[in-house]
Amino acid sequence: MGAVTRLVLWDIDLTLVDARGFGSRWYRQALAAVTGRTLEQMPDTAGRTELAITTDVLENHGVPADEATIAAMFAALTSAVAETRDELAERGSALPGAAQALKALSLEPGFVQTLVTGNLAEVAFHKLESFDLHHHVDFEIGGFGAGSVHRHDLIADSVTKAADRHGTAIAPDSVVVVGDTPHDVAGALRFGAVAVGVATGSSTEAELRAAGAHAVLPDLADTEAVLTAVS
């Protein structure tokens with residue numbers, strides 16, 4: 001398919017979309033369905049992968065986090081999200097500038113966009129499609145939260161898939177990770193990628209800079225600023 005001059009890896013939650021309030025609800029439903037237990041507490045979820053979060057949820061509720069139980073939780077979470085897609089579209093939102101940024105980058109020669117997200121692949125699709133943000137993202141080469149507890153592993157997985165798909169080597173410094181947490185930044189730096197922080201979550205611009213982000217944006221509303229940051 002030709003050279004990839006920039007592989008842009010987007011985080012989803014509080015970078016592209018706001019789905020606050022749904023996560024604990026989905027976990028409550030999944031935990032009850034799989035184990036019969038009531039969700040009493042949620043671990044920290046910001047910037048973490050579904051594998052890490054699910055493991056913590058199970059262990060915090062006295063359930064062994066074995067492979068079969070985690071797989072059952074993933075299936076139940078996916079079902080819970082699918083059942084609430086209409087409500088998600090109504091109560092959640094795309095963050096300002098997200099649609100415009102995705103479209104603008106899709107027009108840049110050599111730019112390829114996908115996801116590196118803590119979400120499961122199916123959940124990621126549901127979230128983006130709910131807000132009509134799925135058109136310019138190649139889901140087949142994304143790095144998703146079932147794969148590892150470490151975000152840098154998800155980045156490596158995505159880059160490998162992108163290189164195979166496009167038939168070209170992709171240097172780490174051609175990879176740009178865009179996210180709202182220090183975990184996104186740390187994953188990018190660990191891989192050797194460019195880290196772009198977006199202060200639309202709970203982390204401030206100062207905190208994202210302190211984490212080592214190469215560029216920090218207050219949000220995605222200024223499309224030209226987004227293009228500059230990822231180029």
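Residues are numbered from 1 along each chain as its sequence is written, and side-chain values use heavy atoms, without hydrogens and water. Because the model is predicted, local features need pLDDT of at least 70 and side-chain atom pairs count only at pLDDT 80 or more, while totals for chains, interfaces and linings use all residues.

Helices (H or I, at least four residues) and strands (E, at least two) are DSSP runs, numbered from the N terminus. Helix 1 spans residues 23–35. Its buried residues (under 20% relative accessible area, 1.4 Å probe, protein chains only) are W26, Y27, A30 and L31. These cover an arc of only 130° around the axis (taken from the directions from the axis to the C-beta atoms), which puts them on the same side of helix 1. Among the elements covering them are helix 2 (50–60) and helix 6 (121–130). Just after helix 1, G36 takes a positive phi of about 80°.

Helix 6 also holds S130, which is buried with a relative accessible area of 16%. Leaving aside neighbours within four places in sequence, S130 is in contact (heavy atoms within 4.5 Å) with R85, L88 and A89.

Turning to the sheet, 5 strands form an open, parallel arrangement in the order 4-1-5-6-7; two strands pair if DSSP finds at least two bridges between them. Strand 4 (111–115) and strand 7 (215–217) stand at the edges with a single partner strand each, so one side of each has no neighbour in the sheet. Strand 1 (residues 6–10) pairs with strand 4 over 5 bridges, and V8 stands opposite Q113 in strand 4.

Conventions:
The expected span of a helix is 1.5 Å times one less than its number of residues. Buried means under 20% relative accessible area, exposed over 50%, partly exposed in between (1.4 Å probe, protein chains only).
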